[in-house]
Amino acid sequence: MTRLSKILLALTVAGTLGQAAHAADAEVVLKVHHQLPAHSVTQANLLEPWAKKITEESDGRIQFQFYPSMQLGGTPPQLVDQVRDGVADIIWALPGYNSGRFPLISAFEQPFMSTSAEATSQAMWTFIEEHGQKEFQGMHLLATHVTDGALVHTTKKPIKKMADFRGKKIRAANRTSTKLISLLGGTPVAMPVPQIPEALSKGVVDGAIVPWDVVPALKLHELVKYHTEMAPGQPALMYTTVIIAMNSAVYDKLPADLKKVIDDNSGLAFSRQAGRLFDTQVVETGHALAKKEGNEIYVLPIEEQQKWMKVASRLDKDWIDEVEDKGYDNGAALLQDARDLVKKYQQQQ
């Protein structure tokens, strides 16, 4: 080993030990678990700055340790149980991976709900406060948000009209996207985000419905050639709902002043901040990567999108029936309330 290598190794070890010692001095060290890589927008641009702000405002009494890429074990659908059971103190997770367990929040995954992640994220927080608290027992919600609007990414042929879905196996994220792909004429293949690259490279699927958000982390732009976006100013194909949640017992044990620090950095404002990030930076980054790779970004004409929207409207009844089967009254009114809240926050932008 060269002298320079020894110096660099010593500095790395010292830094690691310093971080460990610093964490040991904290009053509370919170384990944050999620499914995406450490360099993803979710950790690097959302969760880490948020955690740093809390650490500073608590004078170092609250600190965080990040466990990206499911480093604490388990699978992405198990994250919601991990935070309830105390395996993780905080999670960033997709409720839609748990089919049927979070029926109310799935209202915001209905196709063509909104043109804005920022507005939808705030609407979802307000909606859950009013209607959905029992879905999140054992968790203390810190924020709700959606990623940027999903689009269709394909390997060999672009999707330019509904007929292009025929014969295509398309990755789906949840029950709603599975039904939507079928209605549009494709064959849905459900899988969590981390499995997408291998499925594309091996030809298990011909494409995937995902937002630009996951493109950099998965290097999706290197695996596909075509990206189909919705018409400008029109509702997104669909959004993926996300929760940032803390173990209730861990939160309840915090001293009042530390609870206040958490509370001051949670809720509607944090949800809005997350949505805005996915509306702006994420989409711009995705576009740049796709163009650099020489990929084609195709934008649906409004007339074609309206055909998709007409077909997708059939899913409203499915959602209404599902939530009523779960014991909620008047599913149609709940869905309308979700839409009204989205409209309210869109008008405030």
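**A strand pair and its surroundings**

Thr144 stands opposite Ile243 in strand 10. This is a predicted model, where local features need pLDDT of at least 70, side-chain atom pairs count only at pLDDT 80 or more, and totals for chains, interfaces and linings use all residues. Residues are numbered from 1 along each chain as its sequence is written, and side-chain values use heavy atoms, leaving out hydrogens and water.

Strand 4 (residues 139-146) and strand 10 (residues 241-247) run antiparallel, joined by 7 bridges; strands here are DSSP E runs of at least two residues and helices are H or I runs of at least four, numbered from the N terminus, and a pair needs at least two bridges. Strand 4 is mostly covered, with 7 of its 8 residues buried, meaning under 20% relative accessible area with a 1.4 Å probe, protein chains only.

Now for Ile90: among the residues it touches are Leu142, Ile244, Ala245 and Met246, leaving aside anything up to four places away in sequence. Contact means heavy atoms within 4.5 Å.

Ile90 and Ile244 also turn up in the largest nonpolar core, which has 47 residues; both are among the members that touch the most others, as are Trp50 and Phe64. Such a core is a set of buried Ala, Val, Leu, Ile, Met, Phe, Trp, Tyr and Cys residues joined through side-chain atoms within 4.5 Å. Helix 2 (residues 41-57) gives the most to this core, 6 residues. Ala245, though, belongs to a second, separate core of 38 residues, which also includes Ala123, Ala236 and Ile320.

Key: Buried < 20%, exposed > 50% of the residue type's maximum accessible area, 1.4 Å probe, protein only.
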